[in-house]
Amino acid sequence: MTQVIVLNGGSSSGKSGIARCLQAVLPDPWLALGTDTLVEAMPASMRASDAGIEFAPDGQVVVGPEFRTLEAAWIEGIAAMARAGARVIVDEVFLGGADSQKRWQKALGELRVLWVGVRCDGAVAAGREVARGDRVIGMAASQADVVHRGMVYDLEVDTAHAESMECARTIAAHLG
C-alpha cells in the first residue's frame, strides 16, 4: 500500500489544489505537507539570508547551507511520520530536479512512494501566479520545466488541461 505521494511541480502548477482534492477523495486520512510549510516554519531571517532561502526579484530561488540542513531534517521527519503509520502527500518543488528526487528517495528508503509529476505550461502557471498575488512574479515561469529535469515519475498530470479534482482522481486510481 502506498504510504507517500510526492507531487513535484513548479510554483503555481496546482500541487496544493491536487493535494486538497486527494485528501477529499482518498478513503483514509492523508497529511498534506509541502515546501511552503517548511519555508513558513523557518524564522524570517532565513528568508533574507544567503545561508537560508532567497526569492530574487526575477523569481529565481536560491537556497543556502542552513536551508539545506533544515530541509534534510524536514525530509527525514516526513519519512519518520510515514514509517510511524501516517500517509503523507508531499507538495514539493524540486529545484534541483533529479538531485532533489535522490535526496527524497534516500530518506524514504523502503517506503512505498508514488512519484507524480505535476506539469503546467509556464504561461498558464504565470497567469495563476499573478492572480494569486502572493508570489514573486517570474517564479512560475522559471520553475515550470527545470523541476522536471531528469525526474523519474510513476505518473504525470497536466493541470493546464485538467482540473485539480480530475488530477486527484487519476492519482488515486494509481495507488496500490
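Which backbone nitrogen lies 3.1 Å from a polar atom of the side chain of glutamate 129? The legends below take up this question and two other views of the predicted model.

**View 1. Glutamate 129 and its surroundings.** The backbone nitrogen in question belongs to methionine 139. It lies 3.1 Å from a polar atom of the glutamate 129 side chain. Glutamate 129 sits in helix H5, which covers residues 122–132. Is glutamate 129 buried or exposed? Its relative accessibility is 2%, so it counts as buried; the cut-off for buried is under 20%. Leaving aside neighbours within four places in sequence, glutamate 129 is in contact with Arg135, Val136, Ile137, Gly138, Met139 and Ala140, and also with Ser12.

**View 2. Serine 12 in its loop.** Serine 12, one of the contacts of glutamate 129, is found in the loop between strand E1 (4–8) and H1. Serine 12 counts as buried because its relative accessibility is 5%. Its phi is positive, at about 65 degrees, although serine 12 is not a glycine. Most residues other than glycine have a negative phi.

**View 3. Helix H1 against helix H7.** H1 spans residues 15–25 and H7 spans residues 164–173. The two helices pack at an angle of about 60 degrees, and their axes are 8 Å apart. That angle makes H1 oblique to H7. The crossing is right-handed. From H1 come Gly17, Ile18, Cys21, Leu22 and Val25. They meet Ser164, Met165, Cys167, Ala168, Ile171 and Ala172 in H7. By class, this contact has 9 nonpolar residues, 2 polar residues and no charged ones.

Notes: Residues are numbered from 1 along each chain as its sequence is written. This is a predicted model: local features need pLDDT of at least 70, side-chain atom pairs count only at pLDDT 80 or more; totals for chains, interfaces and linings use all residues. Side-chain values use heavy atoms; hydrogens and water are left out. Axes are lines fitted to C-alpha atoms, for helices over the stretch in contact, and angles run from 0 to 180 degrees between N-to-C directions. Helices (H or I, at least four residues) and strands (E, at least two) are DSSP runs, numbered from the N terminus. Angles under 35 degrees count as roughly parallel, over 145 as roughly antiparallel, 65 to 115 as roughly perpendicular and the rest as oblique. A crossing is left-handed if the near helix is turned anticlockwise from the far one by less than a right angle, and right-handed if clockwise. Contact means heavy atoms within 4.5 Å. Ala, Val, Leu, Ile, Met, Phe, Trp, Tyr, Cys and Pro count as nonpolar, Asp, Glu, Lys and Arg as charged, and the others, Gly among them, as polar. Buried means under 20% relative accessible area, exposed over 50%, partly exposed in between (1.4 Å probe, protein chains only). A polar contact is a pair of N or O atoms within 3.5 Å; within protein, one must be able to donate a hydrogen and the other to accept it, and residues adjacent in sequence count only if both atoms are side-chain atoms.
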